[in-house]
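Please keep the sequence and the model in view while reading.

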Amino acid sequence: MPIRPAHLATMSATIADAISGLSSEEEETAPVHVTFESGHRQTVDNGGCRVLETGQGGVVEIEGESRFALFAGTSCQGSRTLASGHGAVRFGTPVLAGAIVIG
């Protein structure tokens, strides 16, 4: 659709509906608890790339009901995905991850 004054109202309404759908409380995921080799637990909230705490060893368990992806680096873009899944998981071998995405 070309950007013309007559189309702006329709485009604005469409964008507003999409944004309001993203912010629905029903769409939010519950926090996830990440357990490290050291026994330390980190709580990670929904949304975006979150850096995992360092110096705790690898990730041995993820508790929660959300989707997740663990990344090798501290950035989720350009880093290699080490593990992904949905719900609670216990790893047989600790995963040396630097970042996680929830949701």
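A residue is called buried when its relative accessible area is under 20%, exposed when that area is over 50%, and partly exposed in between, using a 1.4 Å probe and protein chains only. By this definition Cys 76, at 16% relative accessibility, counts as buried. The structure is a predicted model, in which local features need pLDDT of at least 70 and side-chain atom pairs count only at pLDDT 80 or more, while totals for chains, interfaces and linings use all residues. Residues are numbered from 1 along each chain as its sequence is written, and side-chain values use heavy atoms, with hydrogens and water left out.

**Confidence of the model**

- The predictor's confidence in each residue is given as pLDDT, on a scale from 0 to 100.
- The average pLDDT of the chain is 80, and 72% of the residues score at least 70.
- Over residues 16–25 the pLDDT stays under 50, and the model has three contacts beyond four places in sequence for this stretch; a contact means heavy atoms within 4.5 Å.

**The disulfide**

- One disulfide is present in the structure, the term meaning a pair of cysteine sulfur atoms within 2.5 Å.
- The disulfide joins Cys 49 to Cys 76, with an S to S distance of 2.0 Å.
- Cys 49 belongs to strand 3 (residues 49–51) and Cys 76 to the loop between strand 5 (67–71) and strand 6 (81–86), so the pair ties together parts that are 27 residues apart in sequence.
- Helices (H or I, at least four residues) and strands (E, at least two) are DSSP runs, numbered from the N terminus.
- The disulfide is right-handed because the torsion about the S-S bond of Cys 49 and Cys 76 is about 75 degrees.
- Cys 49 is partly exposed, with a relative accessible area of 34%, whereas Cys 76 is buried at 16%.

**The salt bridges**

- Two salt bridges occur in the structure; each is a side-chain nitrogen of Lys or Arg within 4 Å of a carboxyl oxygen of Asp or Glu.
- One of them pairs Glu 63 with Arg 41, and their closest N and O atoms are 2.6 Å apart.
- This pair links distant parts of the chain, with Glu 63 in strand 4 (residues 59–63) and Arg 41 in strand 2, 22 residues apart.
- Glu 63 is partly exposed at a relative accessible area of 27%, and Arg 41 is partly exposed at 43%.
- Glu 61 forms a salt bridge with Arg 90, the closest N and O atoms being 3.0 Å apart.
- Since Glu 61 lies in strand 4 and Arg 90 in strand 7 (residues 89–95), the pair ties together parts that are 29 residues apart in sequence.
- Glu 61 is buried, with a relative accessible area of 19%, but Arg 90 is exposed at 60%.

**Two threonines**

- Thr 35 is part of strand 1 (residues 32–36) and, at 11% relative accessibility, counts as buried.
- Apart from neighbours within four places in sequence, Thr 35 is in contact with residues including Arg 41, Glu 61 and Glu 63.
- Thr 43 is part of strand 2 (residues 41–44) and counts as partly exposed at 48% relative accessibility.
- Residues up to four places away in sequence not counted, Thr 43 touches Pro 31, Val 32 and His 33.
- The side chains of Thr 43 and His 33 are joined by a polar contact of 3.1 Å.
- A polar contact is a pair of N or O atoms within 3.5 Å; within protein, one must be able to donate a hydrogen and the other to accept it, and residues adjacent in sequence count only if both atoms are side-chain atoms.
- The C-alpha atoms of Thr 43 and Glu 63 are separated by 9.5 Å, and these residues are 20 residues apart along the chain.
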